[in-house]
Amino acid sequence: MRIANRGNWISIPKNLDKFWREIDIRLINEQHCLDQVYTKEIRHNDALFFLESDVFHIDYTLSGSHVDLCIDNLIKLLYLNQKLSKSLKENISDALKGILANALLSYHKFGGSGFVRIKSGNDEYNKNRYNPLMTKKSTLDVLDKLTKVGLIEYYSNKFLERRYKNKIKKHSLRYRFKWEIFTKFIEYEIGYKDLYRVSDFVMLKGPKIKSSIIETFKNYKDTDKTKKMRKDLEKYNDLLRRNHMNISGNLIDQEGKDFQFQNYGKRFYYRVFTKNNFSCGGRFYGHWVLDIPALARQFLNINGRPTRQIDYSACLLHIMYSTLNIVQHTGKDLYAMVDEDRSWVKAFCIIAPNTIKLRDACEQTVQELGLKWNKKNEKRIYKLANLISKAHSEIYNAYFFKGNENGQKFINHESNIANEIIMHFVNKEILILSVNDGFIIENRYKIELVEIMEDKWIKHWKARGLNSSKPLIRETKHLTAYNSPIEDIFDKYVPL
């Protein structure tokens with residue numbers, strides 16, 4: 001089947017119904033993409049560069065036999081009658097797959113009007129475990145070739161050209177994906193199911209965060225521990241990749257506006273360890289569910305069924321007590337033990353173990369709450385600190401204001417427990433989403449999830465020769481699109 005469109009023809013795949021779940025059917029219409037471009041440029045004018053462009057993602061690629069066929073044909077088109085060495089062809093192939101992956105991400109995010117930016121400098125393009133495929137030379141060469149054949153366009157920016165004059169290319173190179181490149185996805189039946197994250201799922205930050213990617217994320221020697229973590233994440237992400245269309249949600253505000261929650265690109269998890277130490281940090285990052293508002297998570301469905309979010313209450317405080325082998329607060333609401341607003345107590349208790357001075361903790365807590373540092377709030381936060389020091393004297397004296405390495409070690413306990421819980425369900429092919437110390441799962445599995453959370457918590461501390469201070473396990477109810485309490489979602493939430 002072919003559809004005529006402004007003098008062009010697009011071949012429509014045989015498995016049309018399934019395929020169009022992944023690629024918007026509006027892609028058959030070139031005018032739709034042009035309208036998107038025109039509308040965005042009129043609306044944002046000079047600010048369009050900043051609002052509608054995205055830095056090139058070196059950590060995504062495409063994979064599959066149909067992808068390989070597309071790449072082979074593109075290489076023939078771009079390098080007509082040129083003899084390419086095996087290594088050069090591999091570099092070109094990797095660059096093309098990366099560029100097409102970015103085109104997919106751009107289409108979902110910007111509706112056909114998005115850009116991709118190539119930043120100055122070469123740090124990000126040095127091949128390592130976080131960038132196993134891309135080199136800047138190959139990427140820029142392929143972008144130039146794609147521009148010449150009309151699949152993308154180099155897009156000048158008046159704002160930056162005025163500011164940097166003739167130095168625009170040294171500052172940043174910007175390209176827009178044209179309608180013609182999106183038709184390649186239709187022709188070769190390439191979709192989000194073929195999108196893979198190639199950067200290492202186990203990431204290690206250095207002792208201090210510096211500007212260089214190489215300095216920030218350390219290349220490290222693998223151990224049995226890192227190999228197991230990577231194997232677990234690969235299995236988890238493969239489950240998410242194969243089922244990414246089965247995780248969705250939407251809500252309708254009081255004005256009847258319908259908003260869909262999903263981001264096809266950000267559907268993988270990775271773990272980030274800190275302080276150049278695999279005993280610090282390790283939380284799960286990367287999935288789009290972490291970026292939407294907490295309220296929006298209550299509207300999520302998995303496999304078309306309602307979900308529940310189940311959390312450990314005051315998780316980090318119970319971890320602190322467990323490391324001290326103090327169990328008398330098991331099952332208690334530790335925040336409620338302090339006679340002050342819960343949000344203030346929670347913010348201070350999370351921040352204080354990561355600071356070195358009481359005043360730093362107080363100022364950061366007020367800032368975290370979105371308040372001004374004035375005499376009224378200063379008096380209140382110092383009073384709160386005193387109340388916490390009495391209610392939780394053991395952990396206050398042992399861990400508060402001792403620097404953020406302690407805080408990162410507590411997070412490491414949390415993340416390792418989370419990994420054990422996640423893998424229990426992944427091994428059963430059951431979809432589960434991680435949100436720090438909480439999990440989202442189909443409602444029908446919530447009883448099993450609570451049991452596993454209790455079991456893995458106890459076993460984690462028992463393996464370390466400690467009795468655990470067990471937290472309360474809290475359930476957040478599911479909401480449907482039509483019982484949304486949000487007045488105007490577009491005032492409350494900026495899309496991913």
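## Close-up views of a predicted model

**View 1. Tyr321, a buried residue of helix H12.** Tyr321 is buried, with a relative accessible area of 0%. This tyrosine is found in helix H12, in a model that is predicted. Which residues does Tyr321 touch, not counting residues up to four places away in sequence? They are Ile326, His329, Leu334, Ala391, His392, Glu394, Ile395 and Ser469. Ser469 is 148 residues from Tyr321 along the chain. Even so, the C-alpha atoms of the two are separated by 6.1 Å.

**View 2. The whole protein chain.** The protein chain has 496 residues, and buried residues make up 51% of them. It contains 19 helices and 18 strands. Take the contacts with a separation of 6 or more: residues 24 or more positions apart account for 73% of them. The chain exposes about 24300 Å². Carbon and sulfur atoms supply 49% of that area.

**View 3. The largest nonpolar core.** In soluble globular proteins, nonpolar side chains tend to be buried together. Here the largest nonpolar core has 127 residues. Val289, Phe348, Phe400 and Ile421 have the most contacts inside it. Helix H5, residues 86-110, gives the most to this core, with ten residues.

**View 4. The surroundings of Phe348.** Phe348 is among the residues with the most contacts inside the largest nonpolar core. Neighbours within four places in sequence are left aside here. Phe348 is then in contact with Pro353, Leu358, Ala361, Cys362, Thr365 and Ile381, among others. The list also includes Leu384, Ala385, Ile388, Tyr396, Phe400 and Phe401.

View 5. Helix H15 covers residues 375-391. At 1.5 Å a residue, its 17 residues should span 24 Å, and its end C-alpha atoms are 24 Å apart, which agrees. Asn377, Ile381, Leu384, Ala385, Ile388, Ser389 and Ala391 are buried in H15. Seen down the axis, these buried residues fall within an arc of 165°, so they line one face of the helix. They pack against H12, helix H13 (342-351), helix H14 (358-368) and helix H16 (393-399). What does the face turned away from the buried side carry? It carries the exposed residues Lys375, Lys376, Lys379, Lys383 and Lys390.

**View 6. The N-terminal end of H15.** Asn374 caps this end of the helix. A side-chain oxygen of Asn374 lies 3.3 Å from the backbone nitrogen of Lys376.

**View 7. Helix H18 and its cover.** Helix H18 runs over residues 446-462 and has 17 residues. From first C-alpha to last it reaches 24 Å, close to the 24 Å expected at 1.5 Å a residue. Its buried residues are Leu449, Ile452, Met453, Trp457, His460 and Trp461. They cover an arc of only 145° around the axis, which puts them on the same side of H18. What covers them includes strand S15 (305-312), helix H12 (315-323) and helix H17 (404-426). The cover also includes strands S16 (432-435), S17 (438-442) and S18 (473-476). Exposed residues Ile447 and Lys462 sit on the face turned away from the buried side.

**View 8. Thr307 in strand S15.** Thr307 is found in strand S15. Is Thr307 buried or exposed? It is buried, with a relative accessible area of 2%. A polar atom of its side chain lies 2.8 Å from the backbone oxygen of Leu300. Leaving aside neighbours within four places in sequence, Thr307 is in contact with residues including Arg297, Leu300, Asn301 and Ile302. Ile440, Ile441, Glu442, Asn443 and His478 are also among its contacts.

Methods. Residues are numbered from 1 along each chain as its sequence is written. This is a predicted model: local features need pLDDT of at least 70, side-chain atom pairs count only at pLDDT 80 or more; totals for chains, interfaces and linings use all residues. Side-chain values use heavy atoms; hydrogens and water are left out. A nonpolar core is a set of buried Ala, Val, Leu, Ile, Met, Phe, Trp, Tyr and Cys residues joined through side-chain atoms within 4.5 Å. Buried means under 20% relative accessible area, exposed over 50%, partly exposed in between (1.4 Å probe, protein chains only). Helices (H or I, at least four residues) and strands (E, at least two) are DSSP runs, numbered from the N terminus. Contact means heavy atoms within 4.5 Å. The expected span of a helix is 1.5 Å times one less than its number of residues. The arc is that of the directions from the helix axis to the C-beta atoms. Accessible areas come from the Shrake-Rupley method with a 1.4 Å probe; for residues, only the protein chains shown count as cover. A polar contact is a pair of N or O atoms within 3.5 Å; within protein, one must be able to donate a hydrogen and the other to accept it, and residues adjacent in sequence count only if both atoms are side-chain atoms.
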